[in-house]
Amino acid sequence: MRTLTKLSRAPDTAPAKAHAAAPTMTPHTRAHARAHESAVKHVTGRAAYIDDLKAPADCLHVALALSPVAHGRLTHLDIDQVRALPGVIDAVGFHDVPGHTDIGPVFPGDPIFVGDEISYVGQVLFAIAAESHHAARRAVKAALDAGVVEIDEQPASLDAPAAAERGEFVRPTHVQQRGDWEAMLAGAPLVVAGEQFVGGQEHFYLEGQACLVMPTEDEGVVVHTSNQHPSETQKLVAEVLGIPFHAVTVEVRRMGGGFGGKETQASPWACIAALISRRTGRAARLRLSRGDDMHVTGKRHPFHNRYRLGVDEHGVIQGGEITVIGDCGYSPDLSDAIVDRAMFHADNAYSLGDARVTGHRARTHTASNTAFRGFGGPQGMMVIEAAMDDIARRIGEDPLTVRKRNLYRQGHDITPRDVTHYGQTVEQIGLLHELIERLETSSDYWARRQSVIDFNAQNPIIRKGLALTPVKFGISFTAKHLNQAGALLHVYTDGSVQINHGGTEMGQGLHTKICQVVARELALDLDAVRITATRTDKVPNTSPTAASSGADLNGMAARDACLTLKARLFDFAAEHFYQGQALDREEMRLEAGHLVAGIGESERRIPWGELVQAAYLGRVSLSEKGFYATPLIHYDRGTGQGRPFYYFAYGAAVAEVSVDTLSGEYQVDRVDILHDVGDSLNPAIDLGQVEGGFIQGMGWLTSEELKWNEAGRLISDGPATYKIPTYGDLPAIFNVELMEGHPNSMASIYRSKAVGEPPFMLGISVWSALRDALASLSDYREAPRLDTPATPERVLLAAEALRARHSDGPPAFGGQ
C-alpha cells in the first residue's frame, strides 16, 4: 500500500504514534502466554527448513520445463533427446510415470505432467535431473532451445463470468436456499443491488515449494517436504510410483509459511522428485524459484459477486439472492469446498431472511486456484459487506447503524433471525452483540465519526473514512471426514515426554499449543515436553492443517492420549504404592510434577519421575495414542441445509483511513480490533495471529494485485511487481485486544476458539473505510463500487466517477 507523506489531521485526532500500540493482555491471559517452541531457533538461524537439510553427496537436483502458452496441445516431446543433453542424469515426462498420472487431490483433473492438453502458462512439460541446481536449470533451457517441444497453441479462456455463462465449470453449481426469497424480494419497500470483483492473492510464503526425497532399501521413499498435508502427499507419491502407501514416509518438521498454498499444491513436486529418486536410486532435491513458484501454483480464488436484496425502510434485509462465481483455474483442486465456504459466509454476521445463495465454479486457463487463509470465506463476506454500505447510503443512515440492525439476533418477525440460509442456528449471539458494542465504545466510534464528517467538510482533497465491520467465521472442515485427528504420546523412564500429532507447523504456533496441552494434562513444566516432526509413520491418515482446526483437532487428540495414559498410571499407582491401605483412586490427580492422592492429613505426593520409573518396572505401557473426531456436524448437499460448523468465532475491527482524492493514494491511520478466541490456549500466539491475519487481509484488499497479460501469462511474478504489506504499512495506531470472559459454548479444547483464519476478514474494515472516505464526495449519498485490490488507481477512478455523477461535490484538481 502506498502512503502519503503529508496529510492534514482532524483537530481532535490523536497524533500518530511511531509504533503500533502494545496489544492488551491481562494477568489472566498472561498465565498461558508462552513463546513459540522454535522462536530462538528462528531468530538464530538454527531452525532447519527443507533447503537446510543435508543430503547425500550424490543428491540430484531437479528443474522443470514449463509451458509457455495458456492453452494448446503438446504435439511433440522428444524425451530421449532431452536425456542425451550434456549434464542430464535423467529426464521424465508423462509417459515415464509407472503409476497414476493424475494427482488431483479430491477430483481428477491434475496431470503430473502434460500428456496432451496444455491448460495454463507454467504447466509442467517434463523434469530434468542433474548434478547441481544450476546445471538442471541450464539443461532445461538447452532442451527448449533445441526444439524438443512442439505446441499447437489455441485460444485461452481467461474470463470467469464468460466461462460461467458458457457453462464451463470445474464442478457443478450449488444452491443454498431458505424460504420464499422471490416473494420477499417482490414485496420489499426497497431493493438494493450491486456487483463486485474480488481479486485473488499470492501466498508469498517466505519458504517456497521445496522437497528432498531419499530412496529406501526396498521400493519406497522418504519425503522431506514443506507441506500442510503429509498424508495426502504420501498417498499421491505412492500412487504415482505404483507402490503401497506404507512404502512412503513423509516428514514435515516446519514450513516457512503456508497459508493454504501447501495444502494440495506441495504434492506435485514431491511426486516428481520421488519419481526421479526411484528411477536413479539417488536422493533428489526439487525447489522452485520465486518466479517459477508464482507461475506454477494457484492463488486465492478471484470472485465475481452480485446481489439483489429486499430491505425495509430501516435497512433491515428481508430476503433476496446472492450469486458468487469463483475463478477456479483449469482444474477442481479444492474449488468445490472453497466456493461452498464462500456461500456459507455470504451472510457474514447478518441475517439474510429468506434468501438464495448460488455458487458457480468457473473454469479458466490459469493455474488451478487453491486454498488460502479463509478458504473462500473472505470472498463470500465481501458481497454482504458491500451491501451493508450500499443500504446505508440508500436510506441515509450510518453504515454501523445498518450493520447492527441486521446482525443475527434472537426472535423473529416472519423468518427466524438466528438461523442461517443453510439452516444452522447461530449460537453465542449475545457475544457477537457485546463484542461489537464494546469495540464501538472503546474505539470512540461515534465521536470519531463526527470528527471525520467535520474534517471532510473542511478539506476538499484529503478525505477521511471510518468503518466498523464484524466477522462471524465457521470453524470445521466442510468435508465432514476431515474433522478427525490423531496423536502419539511417549513417556520415557526419566519422566520426559514426547508428543507427535497429525498437524503441521507453519509458524502459527500449533506445536507450541500442543506441548502446552500435554504439559497441562500431565502437570509438568513445558520444558519437560518435546514435540517431534510430523511423520506419516507415527500418526497415519491425517487431515491437512487447515480450516483453522489444527489446535482444535490435534489438541483434543493429544489430550485424549494424556487422559488414557493418566488413567492407566492412576490404576497402577492405586495398587503399587500400597502402604497399609491402597491410595484413593477417585481422588488422584497430577499437580506440579507430582501424583497426589487423598486430601488433608491423608494426602500422599509421589514425584512424577518416581511414578514413571515404578510403572516401567511394573511393565505398564508408557506410550499411548489419542484420537478425536468433531461431533454434531453434518451437511446435506442435496438440500443445501445442515450444520457444517461446530461453532463460530467472532471479531470486529474499526479502521480509519485518509485518502488523497487527486492521486488515489491513502494511508491507514488507526485500527482497533477486538477478537473472540474463547479461553485462549496461548494469548501471546493468538495476538500475533490476530495482528498478522489483519495485515494479510488488508494487503489482499489494498495492494496485492495479480495481473495476467492477454496471453494468460502472470506478469506480477515477484516482489518487484507484487506488493505485500510491509512494516511501513502498519497503522500508526494499532490497538488489538482479545475478548475475555466468553469461553466457547462448545466443548472445544479448554473452551478455546480457533484463531488462524477468522482475523483475516478483519481487514475488510480498511476496504469499507476507503469506500466511506470516497462516499463523502457524494455527501454520503452513494457508496462507490470499489473492486479489489483497492489500489490507488482504482481509488482514483472511483473518486473521479463520483465527481462526475455529483456536480455539487468538490471539483477535481482543486477547482482548476
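Tutor: Start with a term. A cavity is a set of grid points where a 1.4 Å probe fits but cannot get out. A pocket, in contrast, is an open set of points. Keep in mind that this is a predicted model.

Student: How many cavities of 30 Å³ or more does the structure hold?

Tutor: The structure holds 7 of them. Take the largest cavity. About 280 Å³ of space lies in it.

Student: Which residues are the closest to the centre of the largest cavity?

Tutor: A lining residue has an atom within 4 Å of a grid point. Here 22 residues line the largest cavity. The closest to its centre are Ile103, Asp110, Tyr120, Pro268 and Tyr330. Now look at the elements. H7 and helix H8 (267-280) each give two or more residues to this lining. H8 gives the most, with 4 residues.

Student: How does the lining of the largest cavity divide by class?

Tutor: It has 13 nonpolar, 6 polar and 3 charged residues.

Student: And the pockets? What volume does the second largest pocket have?

Tutor: Its volume is about 740 Å³. The lining of this pocket is made up of 33 residues. Val106, Leu334, Ala479, His481 and Leu482 are the closest to its centre. Two elements give two or more residues to the lining: helix H7 (230-241) and helix H10 (335-344).

Student: Which classes make up the lining of the second largest pocket?

Tutor: Count 14 nonpolar, 10 polar and 9 charged residues.

Student: Now the strands. What should I look for?

Tutor: Look for bridges. Two strands pair if at least two bridges are found between them. Take strand S2 (residues 72-77) and strand S4 (residues 117-118). They pair in the antiparallel sense over 2 bridges. Gly72 has Ile118 in S4 as its bridge partner.

Student: How many bridges join S2 to strand S6 (residues 149-153)?

Tutor: There are 5 bridges, and S2 and S6 run antiparallel. Leu77 stands opposite Val149 in S6.

Student: Where does UniProt place a domain?

Tutor: An unreviewed UniProt entry lists residues 44-155 as "domain: Aldehyde oxidase/xanthine dehydrogenase a/b hammerhead". Over those residues, the chain is 17% helix and 27% strand. The end C-alpha atoms of this stretch are 51 Å apart.

Technical notes: Residues numbered from 1 in each chain as written. Predicted model: local features only at pLDDT ≥ 70, side-chain atom pairs only at ≥ 80, totals over all residues. Heavy atoms only, no water. UniProt positions renumbered as here; feature names shortened; annotations may be inferred. 1 Å grid on protein atoms, 1.4 Å probe; cavity = no way out; pocket = protein on both sides within 12 Å on 5 of 7 lines; lining within 4 Å. Points joined across faces, edges and corners; volume = space filled by probe spheres on them. Nonpolar A, V, L, I, M, F, W, Y, C, P; charged D, E, K, R; others polar.
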